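Take a look at the fold below.

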Amino acid sequence: MEVVFEQDFHIGEDSRLVKRLYKVEPSDSFPDGLMFALQYLWHKEKEWIEVVRIDNYKHAPDKTGAHVHKFGAAEVEFKGMTFEEAETYLTELAERIKKEILLGERKNGKNWDSSW
């Protein structure tokens, strides 16, 4: 595995974006030879909370491909997307989830709209 890049930077006063992209041997799990992970972190009440993570790491023995982890959700959502598409989607989704939390809706983080 070869590191293409790893970045961890602030995207506002209370938010960070962590991006990791690796070149790997092409396989059924990584047909394009790229493995990635993106995380949107939010600093709330003295801790960094992972609001959204999108990666294409192997999730289960029989499930591969890009998928979305949402704050408070037990299940992931598989969504075919490239690294570039994932970054745009991640940021928009994380901002919507943060807004709902700040507005006091769905305080427990459960039942996020699966259409996101």
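How many bridges join strand β4 to strand β5? Four do, linking residues 47-55 of β4 to residues 67-70 of β5. The two strands run antiparallel. Within this pairing, Val52 stands opposite Lys70 in β5.

A word on the source. This is a predicted model, in which local features need pLDDT of at least 70, side-chain atom pairs count only at pLDDT 80 or more, and totals for chains, interfaces and linings use all residues. Residues are numbered from 1 along each chain as its sequence is written, and side-chain values use heavy atoms, with hydrogens and water left out.

Now widen the view to the sheet. It is open and holds six strands, in the order β1-β2-β3-β4-β5-β6, with antiparallel pairing. Two strands count as paired if DSSP finds at least two bridges between them. At the edges stand β1 (2-10) and β6 (77-78). Each has a single partner strand, so one side of each is left without a neighbour in the sheet.

Next, the helix. Helix α1, residues 83-102, lies across β1, β2 (15-23), β3 (34-44), β4, β5 and β6. It runs at about 20 degrees to β3. Axes here are lines fitted to C-alpha atoms, for helices over the stretch in contact, and angles run from 0 to 180 degrees between N-to-C directions. At 1.5 Å a residue, the 20 residues of α1 should span 28 Å, and the end C-alpha atoms are 28 Å apart, which agrees. The expected span is 1.5 Å times one less than the number of residues.

Which residues of α1 are buried? They are Phe83, Ala86, Tyr89, Leu90, Leu93, Ala94, Ile97, Lys98, Glu100 and Ile101. They cover an arc of only 165 degrees around the axis, which puts them on the same side of α1. The arc is taken from the directions from the helix axis to the C-beta atoms. An α-helix has 3.6 residues a turn, so residues three or four places apart point the same way. The buried residues of α1 pack against β1, β2, β3, β4, β5 and β6, with contact meaning heavy atoms within 4.5 Å. On the other side of α1, Glu84, Lys99 and Leu102 are exposed. Buried means under 20% relative accessible area, exposed over 50%, and partly exposed in between (1.4 Å probe, protein chains only). After α1 comes Gly104, with a positive phi near 85 degrees.

Finally, the charges. The whole structure holds nine salt bridges, each a side-chain nitrogen of Lys or Arg within 4 Å of a carboxyl oxygen of Asp or Glu. One of them joins Lys19 and Glu87 at 3.2 Å, N to O. This pair links distant parts of the chain, with Lys19 in strand β2 and Glu87 in helix α1, 68 residues apart. Lys19 is buried, at 10% relative accessible area. Glu87 is partly exposed, at 24%.

Asp55 forms a salt bridge with Arg53, with the closest N and O atoms 3.1 Å apart. Asp55 is buried at 3%, whereas Arg53 is partly exposed at 24%.

Glu95 and Lys98 meet in another salt bridge, at 3.7 Å, N to O. They are three residues apart in α1, so about one helical turn separates them. Salt bridges that share partners join Asp14, Glu95 and Lys98 into one network.
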